[in-house]
Amino acid sequence: MTNQLKTVKIMNVNFINATKDIFLKNHIYPSLMNEHKQFIVTANPEIVMKTRENEQYEQAVQSADYVVPDGAGILIAAKYMKLPLQERIAGYDLMLDLLEFANEKRLSCFFLGAKEEVNEKAVLEVEKRFPNINIAGRHHGFFKLDDQELVEKVQNANADIVFVALGLPRQELWIARHSVRFQKGIFMGVGGSLDVLAGEVNRAPEIWIKLNLEWLYRLLKQPFRVKRILKVFEFMVRIMFRKS
């Protein structure tokens, strides 16, 4: 990692140990204003487990400038290891903060990923809520990771922020594989955040989020996520029994 933030290592992933406000104000906002290039991973237990299963993905995550703790399971694991993290930094909240800053400073954003209709609706919502943002471009998420025409499209857009909503492991693999082509930009994998922004998926009510039960709310609303939740339980078992 190329930053001076303190980190906590969970399995093979180094998580930043800072509040969201400090992370943004001291690191990300200055990077944006100075046109530095940064790669942010918002990692939950599922992402950590995926790094164990896929060496290429592990290298992609480890190449990030910052890995933020997105998921109650990460905070619980850190506390169990007696290396408590200051707070959870949810990827959706981080995305909204970046959009607000981009709106304030009249920066440009590229939206890559999700279904075409979802991508379009998400961008329309951004235009409505953040009218000062320059929409540098957008593209749906159905493409091959080595599609060079798409890389050139994003490169030519020269966006200050590139939100990549391809889900794991594709979004981190895409950023790690192609970021060398870019001179500037904050690159962040945002998973299903464009679906939420587009109104296709509802986020958990605030009380569920405060109680660190957002995962349960999602499971109740989307039972097909049960396999993903099982990965979280496996993650916790490995933490408890110190299995690598």
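The points below go through the helix packing, the nonpolar cores and a few backbone features of this predicted model.

1. Basis of the note. The model is predicted, so local features are taken where pLDDT is at least 70 and side-chain atom pairs where it is 80 or more, while totals for chains, interfaces and linings use all residues. Residues are numbered from 1 along each chain as its sequence is written, and side-chain values use heavy atoms, with hydrogens and water left out.

2. Overall make-up. The protein has twelve helices and eight strands, where helices are DSSP runs of H or I with at least four residues and strands are runs of E with at least two, numbered from the N terminus. Of its 244 residues, 52% count as buried, buried being under 20% relative accessible area, exposed over 50% and partly exposed in between, with a 1.4 Å probe and protein chains only. Among contacts with a separation of 6 or more, 75% come from residues 24 or more positions apart; contact here means heavy atoms within 4.5 Å.

3. Helix 1 against helix 5. Helix 1 (residues 20–33) and helix 5 (residues 91–105) pack at about 45 degrees, with their axes 12 Å apart; the axes are lines fitted to C-alpha atoms, for helices over the stretch in contact, and angles run from 0 to 180 degrees between N-to-C directions. The two helices are therefore oblique to each other, given that angles under 35 degrees count as roughly parallel, over 145 as roughly antiparallel, 65 to 115 as roughly perpendicular and the rest as oblique.

4. Helix 2 against helix 3. Helix 2 (residues 45–53) and helix 3 (residues 55–62) pack at an angle of about 130 degrees with their axes 5 Å apart, which makes helix 2 oblique to helix 3. Their crossing is left-handed. Ile 47, Lys 50, Thr 51 and Glu 53 of helix 2 meet Glu 55, Tyr 57, Glu 58 and Val 61 of helix 3, and these residues divide into three nonpolar, one polar and four charged.

5. Nonpolar cores. The largest nonpolar core has 41 residues, of which Ile 10, Phe 15, Val 67, Trp 174 and Phe 235 touch the most other members; such a core is a set of buried Ala, Val, Leu, Ile, Met, Phe, Trp, Tyr and Cys residues joined through side-chain atoms within 4.5 Å. A second, separate core of 39 residues includes Tyr 29, Ile 161, Ile 186 and Leu 197. Leu 197 lies in helix 9 (residues 193–197) and is buried at 4% relative accessible area. Beyond residues up to four places away in sequence, Leu 197 touches Tyr 92, Met 95, Leu 96, Leu 99, Ala 122, Glu 125, Val 126 and Arg 129.

6. Backbone features to check. Most residues other than glycine have a negative phi, and most peptide bonds are trans. Met 11, in the loop between strand 1 (7–10) and strand 2 (13–16), has a positive phi of about 55 degrees. Ala 114, in the loop between strand 5 (108–113) and helix 6 (116–129), has a positive phi near 70 degrees and counts as buried at 12% relative accessibility. A cis peptide bond, with omega about 5 degrees, joins Leu 168 and Pro 169, and Pro 169 is in the loop between strand 7 (161–165) and helix 8 (170–178).

How values were computed:
Left-handed = near helix turned anticlockwise from the far one by under 90°. Nonpolar A, V, L, I, M, F, W, Y, C, P; charged D, E, K, R; others polar.
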